[in-house]
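Trainee: I am new to this structure. Please pick one part and take me through it closely.

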Amino acid sequence: RMSPKMAGAHVNLASVLMALGRFDESAEHCKQALEIEPGSREAVMNLANVLRNLGNRAEAVDVVWRHITAEASEATDVPGGGGAEGGGSAGAVAAAGQGRPAALSCGVWRSSCLYAAG
């Protein structure tokens with residue numbers, strides 16, 4: 001039996017359900033994981049992949065984009081936390097302005113974002 005407060009358990013179950021082609025159920029577990037742990041990159045990427053598999057590519061990109069910009073915003077609030085001067089992901093987002101491509105190819109999100117958007 002799974003504990004409802006364990007984000008990792010929801011992420012793992014979402015992965016299994018996605019592999020079984022049970023995308024709607026997988027999406028629900030991704031969302032539950034994000035309620036417990038809003039910054040979970042694994043849950044974000046699983047959700048994006050599920051949405052892509054359901055044919056909702058634009059929504060998948062938006063999910064990832066929201067988390068990238070939220071993470072970049074948090075980084076600019078911390079001294080030396082990777083803001084535009086520090087060359088972190090916030091710098092890539094700031095340099096991109098309103099365009100997504102530069103932001104989607106930044107930092108630790110790069111390979112995951114390209115996978116989710118592809």
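Mentor: Leaving aside residues up to four places away in sequence, S40 touches V11 and L34 (contact: heavy atoms within 4.5 Å). This is a predicted model, where local features need pLDDT of at least 70 and side-chain atom pairs need 80 or more, while totals for chains, interfaces and linings use all residues. Numbering starts from 1 along each chain as its sequence is written, and side-chain values use heavy atoms, without hydrogens or water.

Where does S40 sit in the chain? S40 belongs to the loop between α2 and α3. Its relative accessibility is 3%, so S40 counts as buried (buried is under 20% relative accessible area, exposed over 50%, partly exposed in between, with a 1.4 Å probe and protein chains only).

V11 is among the buried residues of α1. What lies over them? The cover on the buried residues of α1 includes α2 and α3, and α3 runs over 41–53. V16 is in α1, a helix of residues 7–19 (helices are DSSP runs of H or I, at least four residues, numbered from the N terminus). V16 is partly exposed, because its relative accessible area is 47%.

Now the length of α1. Its 13 residues should span 18 Å at 1.5 Å a residue, and the end C-alpha atoms are 19 Å apart, which agrees (the expected span is 1.5 Å times one less than the number of residues). After α1 comes G21. The phi of G21 is positive, near 80 degrees.

Next, α2. H29 is in this helix, which covers residues 23–36. H29 has 15% relative accessibility, so H29 counts as buried. The side chain of H29 reaches the side chain of H10 in a polar contact of 3.0 Å (N or O atoms within 3.5 Å, one able to donate a hydrogen and the other to accept it; neighbours in sequence count only through side-chain atoms).

How many salt bridges does a search of the whole structure find? The search finds two (a Lys or Arg side-chain nitrogen within 4 Å of an Asp or Glu carboxyl oxygen). One joins R22 and E25, with the closest N and O atoms 2.7 Å apart. R22 is partly exposed, because its relative accessibility is 39%. E25 is partly exposed too, at 37%.

The other pairs E71 with R41, and here the closest N and O atoms are 2.7 Å apart. E71 lies in α4 (residues 57–76) and R41 in α3, so the pair ties together parts 30 residues apart in sequence. E71 is partly exposed at 22% relative accessible area. R41 is partly exposed at 33%.

Step back to the whole protein. There are seven helices and zero strands. From the N terminus on, the order is α-α-α-α-α-α-α. Of the 118 residues, 38% are buried. Among contacts with a separation of 6 or more, 49% join residues 24 or more positions apart.

Terms used: Helices (H or I, at least four residues) and strands (E, at least two) are DSSP runs, numbered from the N terminus.
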